[in-house]
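Dear colleague,

I am passing on the structure below, and after it you will find notes on what came out of going through it. Please read them alongside the coordinates.

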Amino acid sequence: MKAYIAKRLAWTIFATWVTLTITFLLLDFSPISAGGATFIDQQVQQGMDYEDAVALYEQQLGHGDTALERYVSFLTGLATLDWGLSTTYNQPVFDVIANSWVYSFQYAVPSTIIAVVLGFAIGLYSATHQYTKGDYAATLFAFTGISLPNFWFAIMLILVGGVWLGWFPTYYTTDVPGILSLANAHQLILPTVVLTTAAIASQMRYARAESLEYVHADFVKTARAKGLSENEVTIKHIFRPAMVPLITILVGDILGLIFAGSYIVEVIFQIPGLGLVSYEAIIQQDTPLVLATTLIPVFIAIIGNLCQDIAYTMLDPRISFGDR
């Protein structure tokens with residue numbers, strides 16, 4: 001187990017390096033952004049030569065050296081936690097991340113927990129009540145939740161719940177007593193619903209498919225014949241073996257839905273979290289900030305996959321890491 005964890009940690013460092021290197025190259029060789037073009041145009045109108053204006057813009061972005069020197073400087077700063085200065089916010093990148101991550105996690109964490117608990121519960125119920133009205137309703141919900149585009153669903157919720165009915169605010173504001181206040185929880189309901197709907201539907205679909213493999217298994221029939229209650233049969237003999245393959249897709253699927261959806265949700269609801277920060281950094285070609293906001297989900301995803309692999313032994317002690 002120790003050798004496996006050490007090997008996976010080494011792979012984590014390598015995978016993170018590859019991802020950040022690709023992101024760095026894409027940003028470094030991309031054309032000047034719209035904001036950069038506006039800055040250059042302003043300098044030219046003030047009498048500066050075009051070449052000098054471009055050089056000034058690149059200097060402000062930290063592009064004064066060669067690509068290799070910029071890349072080495074980036075890796076050095078990454079290792080020393082000196083992530084550079086954000087040109088979008090005119091602050092150190094570390095401070096921007098420190099100020100914005102809490103806004104993302106305050107709705108992403110509840111969305112993840114609700115999606116996993118309800119998704120698995122609905123999927124398990126649907127599998128053990130196959131071809132009933134409850135099963136058909138759960139299947140309809142799953143297909144509907146997966147099919148709804150997040151951006152359209154978010155706009156419809158704002159239109160109906162915020163504009164027509166006036167039950168919820170139409171955008172997020174930081175002018176609340178605190179993140180643990182009821183006012184803050186109230187304005188996070190719609191973003192949480194948007195993210196949770198698709199995530200629950202996805203987890204329900206997987207949980208139902210995996211649980212169906214064990215509903216009519218011989219060991220399940222034997223457990224019922226021994227007089228075990230239906231709840232014990234469902235939890236211990238159906239859901240537990242189904243959890244092993246479910247864990248395989250849990251981290252990647254949930255993170256994909258949550259982090260990808262956070263861009264749409266935070267832009268639409270104007271939540272000043274990592275998604276909105278990353279979006280604005282991409283638009284402005286704020287390379288240090290883009291790389292930092294890329295590092296966080298990549299690191300969480302890779303560490304999450306390591307944790308799920310280790311969790312296999314808790315669910316099925318027969319699994320060995322010797323050959324992995």
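**Notes on the model**

Threonine 197, leaving out residues up to four places away in sequence, touches Phe141, Gly145 and Phe153, where contact means heavy atoms within 4.5 Å. This is a predicted model, in which local features need pLDDT of at least 70 and side-chain atom pairs count only at pLDDT 80 or more, while totals for chains, interfaces and linings use all residues. Residues are numbered from 1 along each chain as its sequence is written, and side-chain values use heavy atoms, with hydrogens and water left out.

Threonine 197 belongs to helix H9 (residues 189–215), helices being DSSP runs of H or I with at least four residues, numbered from the N terminus. With a relative accessible area of 16%, threonine 197 is buried (buried is under 20% relative accessible area, exposed over 50%, and partly exposed in between, with a 1.4 Å probe and protein chains only). Phe153, one of its contacts, is also among the buried residues of H7, which include Ala154, Leu157 and Ile158. Helix H7 (residues 150–164) has 15 residues and reaches 20 Å from its first C-alpha to its last, close to the 21 Å expected (1.5 Å times one less than the number of residues), and H7 is followed by glycine 166, whose phi is positive, near 70°.

The structure holds six aromatic pairs, meaning rings of Phe, Tyr and Trp (its six-membered ring) with centres within 6.5 Å, called stacked when the planes are under 30 degrees apart, edge-to-face when over 60 and tilted for the rest. Tyrosine 103 and tyrosine 172 form an edge-to-face pair, at 6.0 Å centre to centre and 80° between the planes. Because tyrosine 103 lies in helix H5 (residues 93–128) and tyrosine 172 in the loop between H7 and helix H8 (182–187), this pair ties together parts that are 69 residues apart in sequence. Both tyrosine 103 and tyrosine 172 are buried. The rings of tyrosine 214 and phenylalanine 219, by contrast, have centres 6.3 Å apart and planes at 55°, so that pair is tilted, and phenylalanine 219 is partly exposed at 38% relative accessibility.

The largest nonpolar core has 18 residues (a set of buried Ala, Val, Leu, Ile, Met, Phe, Trp, Tyr and Cys residues joined through side-chain atoms within 4.5 Å). Its largest share, six residues, comes from H13.

Best regards

Note on methods. Helices (H or I, at least four residues) and strands (E, at least two) are DSSP runs, numbered from the N terminus.
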